[in-house]
Amino acid sequence: MPEPMRAEGQHFRHDDWYGDQLGAAQFVDCTFTDVDFGETTTAGALFESCTFHNCSFTASTHTSSAFITCDVRRSKFFDVTFDGCKLVGTIFDDCTMRPMTVRGGQWQSVTIRSTNLTKLNLSNVDLRDADLSMSDLSFSTLAGARLDRASLRQTKLGQSDLRGASLEDVDLSAALLRRTKLDLPGAVLLAELYGADVSL
């Protein structure tokens, strides 16, 4: 087995890594411009403080990999799979992020603004301190997700499922709710945000 690729401070331009098995590769402070990661696989890989511009991750699969404090712009995540991955502090700007398969993982402080996230299943994902402002999460499943202190300003949550989600310090009144599914604690929180004095 070849050693996993390691790079620090490098700039990769127009590379074609389509279908490559990157395994536990490690990239720190690297920049990727117009790189094709289509159908690549990672397992235990690390991308730390990396920048991605106009990259394609179409149909790639990432297992127990980490994208830490990365800056991702105008990139495609069509049909990508994140299985138990860590995306802490990563910013996604003008990216295609559906359809996408997400199985658990730590997405604390991730920024995904003004993005179409409809019909995604984000059950049990750790989204504490995430900024999902103005994104469309209609018909999505967030059951059991950790959304404490997440920003949901003008986030569309029509017919999404928030049952069992933790919502400490979340301003649900700033979100756009329409037939949103809430459990009793979520409903109480929403009522209190609108000034109700709830007695159980």
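Reader: Is Trp17 buried or exposed, and what is its relative accessible area?
Author: This is a predicted model, where local features need pLDDT of at least 70, side-chain atom pairs count only at pLDDT 80 or more, and totals for chains, interfaces and linings use all residues. Residues are numbered from 1 along each chain as its sequence is written, and side-chain values use heavy atoms, with hydrogens and water left out. Buried means under 20% relative accessible area, exposed over 50%, and partly exposed in between (1.4 Å probe, protein chains only). Trp17 counts as buried, because its relative accessible area is 9%.

Reader: What is the angle between the planes in the aromatic pair of Trp17 and Phe32?
Author: Rings of Phe, Tyr and Trp (its six-membered ring) pair if their centres lie within 6.5 Å; planes under 30 degrees apart are stacked, over 60 edge-to-face, and the rest tilted. A search of the whole structure turns up 24 aromatic pairs. In the pair of Trp17 and Phe32, the centres are 6.0 Å apart and the arrangement is edge-to-face, with the planes at 80°.

Reader: How many residues apart in sequence are the parts that this pair ties together?
Author: Strands (E, at least two residues) are DSSP runs, numbered from the N terminus. Trp17 sits in the loop between strand 2 (11-13) and strand 3 (21-23), while Phe32 belongs to strand 5 (residues 31-33), so the pair ties together parts whose separation in sequence is 15 residues.

Reader: Which residues touch the most other members of the largest nonpolar core?
Author: A nonpolar core is a set of buried Ala, Val, Leu, Ile, Met, Phe, Trp, Tyr and Cys residues joined through side-chain atoms within 4.5 Å. The largest one here has 52 residues, and those touching the most other members are Phe27, Phe32, Phe52 and Trp107.

Reader: Which strand is joined to strand 12 by 4 bridges?
Author: Two strands pair if DSSP finds at least two bridges between them. Strand 9 (residues 61-63) runs parallel to strand 12 (residues 80-83), with 3 bridges joining them. The one joined to strand 12 by 4 bridges, also running parallel, is strand 14 (residues 100-103).

Reader: Which backbone nitrogen does the side chain of Thr90 reach?
Author: Thr90 is found in the loop between strand 12 and strand 13 (91-93), and counts as buried because its relative accessibility is 1%. At 3.1 Å, its side chain reaches the backbone nitrogen of Cys70.

Technical notes. Polar contact = N/O pair within 3.5 Å; in protein donor to acceptor, adjacent residues only side chain to side chain.
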